[in-house]
Amino acid sequence: MGVLYLAKKYIVPSLTDKCTEYLKEKLDPSNVFSILPSSQKYEEKALEDRCWKVIENQTEAAVKSKGFETIERSLLEAIVTRDTLTIKEIALFKAVDGWATKQCEKQSLAVGGKLKRRILGEEVIKAIRFPVMTAEELADVVLDTNILHTNEITSLFKFFNSASPSPVAFSATLRRVQGTALREIHRCGRFRSVKEKDLLALYMVVDRDITLHGVCLFGSKNNSYTVTLEVQDTTKGPKDTTVVSKSGKYLSKLLGSYYGYEVLFDSAASLKMNTRYRIEAFIRGPASEKGHTGIQTVTKCGVTFTFATGYGSFIFGTTVATGQFPEFLFSC
């Protein structure tokens, strides 16, 4: 970035091109908010467009980066007013609230809802699409920040309970991805029933390209589990190649007919048709429910999933017929 500054200052176009190409190659969610302001300052449109593409395609990972905490308010407004973000609205709100909290701390001010709202400004607040959240997300997360006014909260709850046709001043439109509506996420379930019940694995092949957003795992009522989940491409050579992974601690809750939890990836994974993937999980926690009478081939929304027992997994009770991995969250 320093070299780019010098190349622009002393008008050396060839060096400017070298710098921008290098930055494009190194660009990712962890550094996009360091590169974007400079690309705008130096009027490097191609680099700026590439930055916005990273932000749009990997929004959640980008706003969780350290660089997001230090962006200018004008850039924050430019982000939250975009339709082309791939992030749940509640996760975007948490990031915005975290940014406001950091601004209070930088100025050695007591953190409070009114102050955070003043720092954010009405343009940012009104750009958050509270109506597309669930009532539970609003109650459990948003209300505790004290950012919303009482009349706004009342209006939103009336909207959620169908007592009002439209909420006060907030958009109820889902954000869009590259001009099309956010794709509906489907669930591919593989068990007919559930029974009570460390390394668990399952092989999976799909007959169409899909985007995998996450995997559901079984748990038990009011218990938490520590999980490392990986999706591996088994066709890359002697060692499986990790396509996407996620680690964390999860609280089990009722998901339809069973107790479990959703492991959602920071960035969705693209799975190719007719490619064998290994879904692998390391789980630590109390005994959990497990599936029974599993189905080897499942067709959901025009996509056929074919499952096979993972090597060694049967030792711990997961096979095509029984065990873990009840549902896969995908879009196509």
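Mentor: Let's begin with Glu152, which is buried because its relative accessible area is 3%, and the cut-off for buried is under 20%. Keep in mind that this is a predicted model.

Trainee: Which side chain does Glu152 meet in a salt bridge?

Mentor: Here's the general idea: side chains of opposite charge can pair when their charged atoms come close. In this case the partner of Glu152 is Lys126, at 2.8 Å from N to O. Lys126 is partly exposed, with a relative accessible area of 28%.

Trainee: How many salt bridges does the structure hold?

Mentor: There are 15. One of them joins Glu44 to Lys8, with the closest N and O atoms 2.9 Å apart. That pair links distant parts of the chain, as Glu44 is in the loop between α3 and α4 while Lys8 is in helix α1, 36 residues apart. Glu44 counts as buried at 14% relative accessibility, whereas Lys8 is partly exposed at 32%.

Trainee: Which residues are linked in a network of salt bridges?

Mentor: That would be Glu60, Lys64, Lys246 and Asp266. Within this group, Lys64 pairs with Glu60, and their closest N and O atoms are 3.3 Å apart. Lys64 is exposed, with a relative accessible area of 54%.

Trainee: Okay, now the greasy side chains. Which residues have the most contacts inside the largest nonpolar core?

Mentor: In soluble globular proteins, nonpolar side chains tend to be buried together. Here the largest nonpolar core has 48 residues, and those with the most contacts inside it are Phe33, Phe68, Leu76, Leu120 and Phe130. Helix α7 gives the most to this core, with nine residues. Take Phe68: leaving out residues up to four places away in sequence, its contacts include Phe33, Leu76, Ile79 and Trp99. A second, separate core has 32 residues, among them Tyr261 and Phe307.

Trainee: And the backbone? Where does Ile11, with its positive phi, lie?

Mentor: Most residues other than glycine have a negative phi. Ile11 has a positive phi of about 55°, and it lies in the loop between α1 and α2. At 69% relative accessibility, Ile11 counts as exposed. Ser108 also has a positive phi of about 55°; its place is in the loop between α7 and α8. Ser108 counts as exposed too, at 67%.

Terms used:
Residues numbered from 1 in each chain as written. Predicted model: local features only at pLDDT ≥ 70, side-chain atom pairs only at ≥ 80, totals over all residues. Heavy atoms only, no water. Core = buried A, V, L, I, M, F, W, Y, C linked by side-chain atoms within 4.5 Å. Buried < 20%, exposed > 50% of the residue type's maximum accessible area, 1.4 Å probe, protein only. Helix = DSSP H or I, 4+ residues; strand = E, 2+ residues; numbered from the N terminus. Contact = heavy atoms within 4.5 Å. Salt bridge = Lys/Arg side-chain N within 4 Å of Asp/Glu carboxyl O.
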